[in-house]
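Work through the exercises below with the sequence and the structure at hand. Each task is followed by a solution in steps.

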Amino acid sequence: IDSSTLAAIVGQCLQDYEDDKNSRTEWEETLARGLKLLGMSVEERNEPWAKACGIFHPVLLEAVVRGWAKSVKDLSPARGPAKTEIKSKKKGIAKRIRRTTDEVNSIIINDVPGYAEEQSRLSFMVHLSGSGFKKVYFNAATKKIEDRYVHPLDLIVPYGTTDLEMCPRICHRQMMFPSEVLQLMDKGVWRKVPLSAPVAVQREDAKEKQDETTGQKPVARPTQREILEFHVDLKIEEDGKNTGDSPVPYLIVIDKGTQEVLNIRRNWNEDSDFQRKKYFIAYQY
């Protein structure tokens, strides 16, 4: 793909990203207020007088923790989350199902790093904000199945989206250390392109409130890169398999600071009719 086509793709993706992000400003403000109302951070107040008491009633936190505790017990049990129900009377089916269940649970427990921890983080945010997301995929760099929680602030979709499968574009924003980016380049997963030093990233109010809740704050010198991963339908003339008139699914990774395309590839199964590969799972309250 020539440089002019790449530049056009980057411009379109970044413009759509900003439009989609601006369409949910009020929701971000509501989430920031919800994080503050949890009352998990100490707040020094000077209004209406110096050292005024700054407490919040724990009713919201109690409700979130209660829902979180119940769902984690069911979704992340010690023996594994896979369950089956036998509805067939076919001979030997029960033994086959038990073997399949045990194998799935073994894979999740032993081969999917951090499954229980990611499920716990997801459950807490679902009960607080009403929605949460997980990203499940095969990591070409580590050669492992990844099952990762994605914060709602880091998954940007168009206004009016109700179903991720029918969504024309999905953007997953990730903060990555330069060493992670270089590793993906060295393994051939991403293009090898020169990148400048990381730049400061504008944080949403909800991110700041979450950092206050956990007692964290970013360092003065930026140490991470803002990487945007787009799952989007496009019409790319240079692709010999994209011969129809309709746009088809691609996965495009862009370094937002330099606007360099780090990765662009087809995002459909070879034996399907341009059906987009599934990476994200939406959880609703």
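**Exercise 1: the whole protein**

The protein exposes about 17800 Å², of which carbon and sulfur atoms supply 52% (accessible areas come from the Shrake-Rupley method with a 1.4 Å probe; for residues, only the protein chains shown count as cover). This is a predicted model, in which local features need pLDDT of at least 70 and side-chain atom pairs count only at pLDDT 80 or more, while totals for chains, interfaces and linings use all residues. Residues are numbered from 1 along each chain as its sequence is written, and side-chain values use heavy atoms, with hydrogens and water left out.

Task: state how many helices and strands the protein has, and what share of its residues is buried.

Step 1. The protein has seven helices and eight strands (DSSP runs, numbered from the N terminus: helices are H or I with at least four residues, strands are E with at least two).

Step 2. Of the 285 residues, 36% are buried (buried means under 20% relative accessible area, exposed over 50%, partly exposed in between, with a 1.4 Å probe and protein chains only).

**Exercise 2: helix α1**

Task: find where the buried residues of α1 lie around its axis.

Step 1. Helix α1 covers residues 3–22 and reaches 28 Å from its first C-alpha to its last, close to the expected 28 Å (1.5 Å times one less than the number of residues).

Step 2. Its buried residues include L6, V10, L14 and Y17.

Step 3. Seen down the axis, the buried residues of α1 fall within an arc of 160°, so they line one face of the helix (the arc is that of the directions from the helix axis to the C-beta atoms).

Step 4. S4 and N22, on the other side of α1, are exposed.

**Exercise 3: Q259**

Step 1. Q259 counts as partly exposed because its relative accessibility is 47%.

Step 2. Q259 and L14 are 245 residues apart in sequence, and their C-alpha atoms are 8.7 Å apart.

**Exercise 4: helix α4**

Task: which residues of α4 are buried, and which are exposed on the face turned away from them?

Step 1. I93, I97, T101, N105 and I108 are buried in α4.

Step 2. These residues cover an arc of only 95° around the axis, which puts them on the same side of α4.

Step 3. The face turned away carries the exposed residues K95, R99, D102, E103 and N110.

Step 4. Cover for the buried residues of α4 includes α5 (115–129).

Definitions and conventions:
Contact = heavy atoms within 4.5 Å.
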